[in-house]
Amino acid sequence: REDLNSNVEAQGCDQSLGRKNQKPAGEATEMKLYYQNPPIEKMDSSLAVLKNCRHLSLSTNRIDKIAGLQGLERLEILSLGRNLIKKIEGLEFVASTLKQLWLSYNNIDKLGPVCCCLGLTTLYISHNNIDKWAEVDRLVALPNLTDLSLIGNPIEINAGPAYRSEVGRRLPNIRLDGLRIDQEQPAAARPRGRRGGCHCHRN
């Protein structure tokens, strides 16, 4: 992932927004800026124009920091999978509206900052660097969380067969990796390595 379009000059969001000219960006309820060429490197203040946006997709770029969300007062779904993000931050500006956060295939190892989003129902954070169960414990603070993806993180890989029961002990009503917590995921459906299959949610 670190080599994604590495020979192409990166850009900010303003240039990509400028190419989405079917309607004024300020009127759009969904903005798809995933897999841009050249890739987006920064979430910047140009995003503030998206005042009516409910679903913002910036997946499969080269973004290393969550920023620029001031003014997105209706945002419900934020998709940032397959980037270079190392930590969750900047969500306080959308904490009152955000319902789904898609962050799979990044480099995140802490979950605490997501807990400001009390209305969050869905957190896809598979294939990151979460290696401590204490980080999963933090998600108890999210009263509406029903759908969680953690597959491909060190805690899942290291826990082996105990993985689902460990999550279930902490979050007994969760839907984990696409299945109810009391269901076992078939071994053949469990990818190994960071390039494998499910729950990348890149768009």
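**Cysteines, core and a loop residue**

Biologist: Why is C115 called buried?

Modeller: In this predicted model, C115 has a relative accessible area of 17%. Buried means under 20%, so C115 is buried.

Biologist: Why is C117 called buried?

Modeller: The relative accessibility of C117 is 0%. That value is also under the 20% cut-off, so C117 counts as buried.

Biologist: How many disulfides does the structure hold?

Modeller: The structure holds zero disulfides. For C115, the nearest cysteine sulfur is that of C116, 8.0 Å away. A disulfide needs two cysteine sulfur atoms within 2.5 Å, so C115 is in no disulfide.

Biologist: What keeps C117 from being counted in a disulfide?

Modeller: Its nearest cysteine sulfur, that of C116, lies 3.8 Å away. The cut-off is 2.5 Å, so C117 is in no disulfide.

Biologist: Which residues touch the most other members of the largest nonpolar core?

Modeller: They are L56, L91, V114, L123 and V167, in a core of 50 residues. Two elements, α2 (133–137) and α4 (163–170), each give two or more residues to this core. Not counting residues up to four places away in sequence, L91 touches residues including V114, C116 and C117.

Biologist: Where is A48, and why is it called partly exposed?

Modeller: A48 is in the loop between β3 (40–42) and β4 (55–57). Its relative accessibility is 27%. Buried is under 20% and exposed is over 50%, so A48 falls in between and counts as partly exposed.

Biologist: What does A48 contact, leaving aside neighbours within four places in sequence?

Modeller: A48 is in contact with G68, Q70, G71 and L72.

Notes. Residues numbered from 1 in each chain as written. Predicted model: local features only at pLDDT ≥ 70, side-chain atom pairs only at ≥ 80, totals over all residues. Heavy atoms only, no water. Buried < 20%, exposed > 50% of the residue type's maximum accessible area, 1.4 Å probe, protein only. Core = buried A, V, L, I, M, F, W, Y, C linked by side-chain atoms within 4.5 Å. Helix = DSSP H or I, 4+ residues; strand = E, 2+ residues; numbered from the N terminus. Contact = heavy atoms within 4.5 Å.
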